[in-house]
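Hi,

Here's the structure I promised to pass on.

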Amino acid sequence: MASIGAPLDRVDGRLKVTGTARYAAEFTVPGLVHAVLVQSTIAAGGIAGFDLAEAQGMPGVLTIITPDNAPKLPDKKDASQAVNAPLLQNNAILYNGQHVAVVVADTLDRALAAAARVRVHYHRAEQITSMDAVLGQAYVPKHFRNGERSPDSNRGDPAGAFDSGAVKLDATYITPIEHHNPMEPHATITRWEGDKLTVWTATQGISGAQKTLAGLFGIDPKQVRVVCPFVGGGFGCKGNTWPPATLAAMAAKIVQRPVKLVLTRAQMFTSNGYRPRTIQKLKFAADAQGKLVSMRHDGISQMSQPILGEFVEPVGLITEMLYACPNVAVTHRLVAVNAGLPTYMRAPGESSGNFALESAIDELAVAAKSDPLEFRLQNYAEQDPHENKPFASKLLRECYRQGAETFGWSRRTPEPRSMRNGRMLMGWGMATSTYPTNQRPAQARVRVAADGMVLVQSGTQDLGTGTYTVMSQVAADTLGVPVAHVRFELGDSTLPPAPVSGGSSTVPSVGPAVLAACQAVRAKIIDLARSDAQLVGTMFRPMHCGWRTARSSRPTAACRSAQCSRMPAGMRWKPRPERRLKTARSAIHGMRSVRSSRKCWWIRISAPSASVAGWRRSMPGWC
Amino acid sequence: MEVNMANSGVTRRGLLAGTATGVALPAVLPATPAKAAEPAPAAQTPTPPTASEQIDLVLNVNGNHLPLTVEPRTSLLDALQEQAGLTGTKKGCDLGSCGACTVHIDGRRVVSCLTLAARCQGKAVTTIEGLAAGGDLHPVQAAFLQHDGFQCGYCTPGQIMSAVALIKEGHAGSDAEIREWMSGNICRCGAYPNIVAAVRDAAQRA
Amino acid sequence: MQSFQLMHPASVEAARTAAAAHGAKYIAGGTDLMQLMKNDVEAPDRLIDLEPLPLTRIVAENGSLRLEAMARMSDVAAHPVVRERFPVISQALLLSASPQVRNMGTMGGNLMQRTRCGYFRDTGFACNKRAPGSGCPAINGENRMLAILGGSTHCIAAHPSDLAVALVALDATVELYGVNGAQRTVPVRDFHREPGDTPQIENVLAPGEMIAAIVMPETPAARRSLYIKVRDRASFEFALVSAAVALQASNGTIQDARVAAGGVGTRPWHLPEVETALRGKTLNDQTLREAAAQAGLGARPASQNGFKLTLLRRTVLRALQTVAA
């Protein structure tokens, strides 16, 4: 029976409920010392000086790293990250919470206590902490979507069409800063051995962390090993490699001991990014029949000072593609303030932009005296209006239909305050949501052991997203083995590389790699079986669920895939001595036969098209 | 905005009985097969540490002797994680707000991040590692597994320790009561419905 | 947090002697003190552990209730006598904190807990309470959670305890042990101080003095009492506004009424004007409305908490209506 689609306990569940799953801060590394970050308490200006006398004299303090003594890092920006936090390279203060020092001590308590006694003297500059004050200084992003497209798009004549519209909406929507705050704070243990770096770190992107750290310290990525078998949530804040990892590695290099650095909960608001505030102006118009004639979506998102990079919350992307409107303009702008770095968070742009878009659609529907669902159906896009391409599939109409039916949309009365439930006034609305499917190159490796156990590996991540279980299911079903016979390993940069776990891309990226690897392994095993001396000359006849070997010249009756452990009807046992297949010398181990109770063996191998039939050994109890 | 009055979801049968007497509960426990060479002793009168230097302690954790060297300021959470290698108890906020560090002290759930290790002498500390008897999962652990009461798993040990205590306290009379009495444990992945289902299930079997 | 000596005194007298030393503090449950120390708001040289002391009893006898200082919140809330004869106390406790914190927090510690004001708790900010004379950024800053009553130009920090509000309503007394065997009692209503121009002084304790017990008489009004708490979250959150009420009526006339509010004052806020408007009146909705309208006289809202005045009156009314029903 296929494991995909059937109920299944998470394969890593037992580790989690027993507290034995290890997160980044929990690895035992001998000689470990602790680092604590000190942060700026002003938003703009510079460090005038440090008073470290008291802190340095406290018990257990090994070093205090400041811009005065921090090693110089390569000047070129890490292009793989949209934004990069300052790393003690100069005295400029660009936001409240910027890291200004790292205290390293032999215990966590001592490091924390000493960090609290580091005194920083500042000179203040004029600080801008409010977007609204500087909207007039909004600027055009230079690297929107990694430079793959312009931040602006335009089709038709939105301005002209707006003027001629019968029903109009001109509204501003604001979304606030939102912090990820996964339960596990950012944590890193870093250890140098010569110029080799091992990092146990909470990350959504092992490969990215490897590259970033290698670039920072001028070493080859192969000299960096990143280990992260479990992440205690990320939601986007663990996609980039932030100062907890980079400054910990710097500290470890200086003190020549492994360093552990864990953010405090308060630092989780300042030190690993957040969804930036957005101000979105939407101007929509429809004709008298309720068809959209013009949509204009101008989004401004908050950014830190531009020297730190560029992150844009891409709020207008869904507006470009969701509704059939011939005249659409979308722009994205940034406003720089003295605040911490923004970053990706749970559907960056989609969630914040969709809120504005769907609110505006609702309001326009009201202005058009149209039912909000009807209005959306009337403006349904049969093909992508931005790309002018057909959708590979689109079942949104069916979603609308099922949702309306399930929730009794027909019972809704449109007048505000017209619906009640006892003492409560009822409001009833709906909205559309959409999210792109992202796929990136990924690799996986499969090994089948002599005992039939399967090891699948990929340098991907599991942040509660279920990667361990999903990939085990993919492998199990592709090979036709029980999930319990599959072990999936991830979270190590020595494993085949995989992309960052962001943008819902892990399953679409790593899944096919696992699938392909398993298919290749299966093909190798079939080849091995075919080339077995005993089976040479045997006909491999395709059955409806697989091939079967048979010594007789006549194929036997079709096997029944559901009864794999029983002898299919009509097959004759052929006694033969216990045998072993040759074991392949390559990385793929061959299948060895196991003596059955009748001293016979048989192989059933699934055809690629069969979704259920398995590849089994005739081991009693195996099914 | 929430208007709260007590009694919503609280049942009579759910309340603790009896008065506190101020006598430390005896800490006699059976030895757990996994690690203990000998069972933990009965309650001892703690020797008052007076120096701000290191203190040598022996704590009773999961029925085992646990020798520790701590400063007075070392939290029970840090002692468990950094010294005892018991990393099942998690640090989520270090300020008692998230519940990820929940352990039992003398059978009562507390937050270990706000507990000084040096004040735990003579008490029985139970962590997530101490729940499973031998190789079998505790019924609450099994229920969490069965109901998928977690995603990333980081809040899970604290949730389970809280749930075990909640059931013993008799506060699992309804979903509303479970939610209220689990309010000291946060789950950022949002597994709350499954957590409630797991607790409800485990309580019904208890 | 900074280092300290930890002492486990064997007797109350030994505890008091140790506490009289400069830089010493008592530690009870530790749930507030540990937070303050981790945030570097407090850095005592010496902590005196109150746990070994015989101060945990909950005693109901001779027409009064005695809650010793180290009785845990959860035990008091669950005590059958408290639930039946002083329900406002049980409710106030159950609406406080979380189950874990209630298992740790104590009667004395709860009265001693300090304001949740974000400026006070973050040493990156100026704060007249934490660093006298440095200024108060809250008055023109983020003050939604802060006080509208009892503030001064120096400080508008709200007192966060729910238990204290219930005790103020019931006119409980605090028994204090001082050094050299001294003892005195102080009404809870006089225990906490308003900031004035010394916001760093929050209560009337003398150096080394400890709370020994809280005592209150059993009264008909206490039996018919209620706590209501309005807050942003359904649980584990401090009050925006709360109200403790106790009512005694016979033959449709209000004999005794006790009313206090939380979340609105720099200390638990007694509402004698509401009590006066209730006593001797007919128990009906109009009486309750007119009385509730008296709540908050003299309130001075700040820029973000003006809503608390209306909310206070409505909360008091809701509490009165509920307890009267």
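Start with the strand pairing across two chains: β1 of chain B, residues 2-5, runs antiparallel to β9(C), and the two are joined over four bridges. If you want one pair to find on screen, go to B:Glu2, whose bridge partner in β9(C) is C:Arg231. Keep in mind that this is a predicted model.

Now zoom out to the whole contact between these chains. Chain C puts in 44 residues and chain B puts in 40. Which elements of chain C give two or more residues to the side that touches chain B? They are β1 (5-7), α2 (33-38), α3 (73-78), α5 (87-94), α6 (99-104) and β9 (225-231) of chain C, and β9(C) is the strand that pairs with β1 of chain B. By class, that side of chain C splits into 19 nonpolar, 15 polar and 10 charged residues.

Chain B also has a contact inside itself. The chain is divided into domain 1 (34-40 + 53-130) and domain 2 (139-205), with their C-alpha centres 22 Å apart. Where they touch, 14 residues of domain 1 meet 11 residues of domain 2. On the domain 1 side, β4 (102-105) and β5 (108-111) of chain B are the elements that give two or more residues. The largest share, three residues, comes from β4(B). What classes of residue make up this side of domain 1? There are five nonpolar, six polar and three charged residues.

Conventions:
Residues are numbered from 1 along each chain as its sequence is written. Chains are lettered from A and ligands numbered from 1 in the order in which they are written. This is a predicted model: local features need pLDDT of at least 70, side-chain atom pairs count only at pLDDT 80 or more; totals for chains, interfaces and linings use all residues. Domain bounds come from an automatic or database domain assignment. Two residues are in contact if their C-beta atoms, placed from the backbone, lie within 7 Å. Ala, Val, Leu, Ile, Met, Phe, Trp, Tyr, Cys and Pro count as nonpolar, Asp, Glu, Lys and Arg as charged, and the others, Gly among them, as polar. Two strands pair if DSSP finds at least two bridges between them.
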